[in-house]
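Here is a short briefing on one predicted model. It takes a helix residue, a helix face and the nonpolar cores in turn.

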Amino acid sequence: MQDKGTILIIDDEEEMREIIESMLGGLGFSFSGVGCARDALEVTFRQKFALIICDYRMPDGMNGLQLFETLLATGNASPFILTTGVPDAEIGDQARRAGVFGFFPKPIDSSALRKLVQMLNFIA
């Protein structure tokens, strides 16, 4: 199967990174994972990603939406999906206004995530 690029998964919980990777297995992507925004900024300066999936709350003071805005400002943005375990509609509204590609509350709907990633593949 042709490699469609790498998806960066950013979540401070390694188990959640593994779950998201398993949800998207078989779609032709490779995966990379980091646990905080600081590490994500570092890796995105070195590598372009087909997609970034990021948790909203992270341990190093920068939330996922702030990370997305920083990536946009530095020219290192990729299509971006934001996830959150915090049931707050305002976060989703802010994410959509900022231009994120998708927003998923946790637990993530595996089928909906796969469909969105497949749709991205057709428009990229």
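Thr44 has 5% relative accessibility, so it counts as buried (buried is under 20% relative accessible area, exposed over 50%, partly exposed in between, with a 1.4 Å probe and protein chains only). This is a predicted model: local features need pLDDT of at least 70, side-chain atom pairs count only at pLDDT 80 or more, and totals for chains, interfaces and linings use all residues. Residues are numbered from 1 along each chain as its sequence is written, and side-chain values use heavy atoms, with hydrogens and water left out.

**Helix α2**
- Thr44 sits in helix α2, residues 37-46 (helices are DSSP runs of H or I, at least four residues; strands are runs of E, at least two; both are numbered from the N terminus).
- A polar atom of the Thr44 side chain lies 3.1 Å from the backbone oxygen of Leu41.
- Beyond four places in sequence, Thr44 is in contact with Leu8, Phe49, Ile52, Leu71 and Asn76 (contact means heavy atoms within 4.5 Å).
- Phe45 also belongs to helix α2.
- Phe45 touches Thr74 and Asn76, not counting residues up to four places away in sequence.
- Phe45 and Ala77 are 32 residues apart in sequence, and their C-alpha atoms are 9.9 Å apart.

**Helix α4**
- Ile91, Gly92 and Ala95 are buried in helix α4, residues 89-98.
- They cover an arc of only 100 degrees around the axis, which puts them on the same side of α4 (the arc is that of the directions from the helix axis to the C-beta atoms).
- An α-helix has 3.6 residues a turn, so residues three or four places apart point the same way.
- Exposed Ala89 and Arg97 are on the face of α4 turned away from its buried side.
- The cover over the buried residues of α4 includes α3 (64-74), β4 (80-84) and β5 (102-105).
- At the start of α4, a side-chain oxygen of Asp88 comes within 2.9 Å of the backbone nitrogen of Glu90.
- Gly99 follows α4 and has a positive phi, near 105 degrees.

**Nonpolar cores**
- The largest nonpolar core has 22 residues; Leu8, Ile10, Ile52, Cys54, Leu67, Phe80 and Leu82 touch the most other members (a nonpolar core is a set of buried Ala, Val, Leu, Ile, Met, Phe, Trp, Tyr and Cys residues joined through side-chain atoms within 4.5 Å).
- Two or more residues of this core come from each of β1 (6-10), α2, β3 (51-55), α3, β4 and α4.
- Another core, of 17 residues, lies apart from it; its members include Ile20, Leu27, Leu116 and Leu120.

How values were computed
A polar contact is a pair of N or O atoms within 3.5 Å; within protein, one must be able to donate a hydrogen and the other to accept it, and residues adjacent in sequence count only if both atoms are side-chain atoms.
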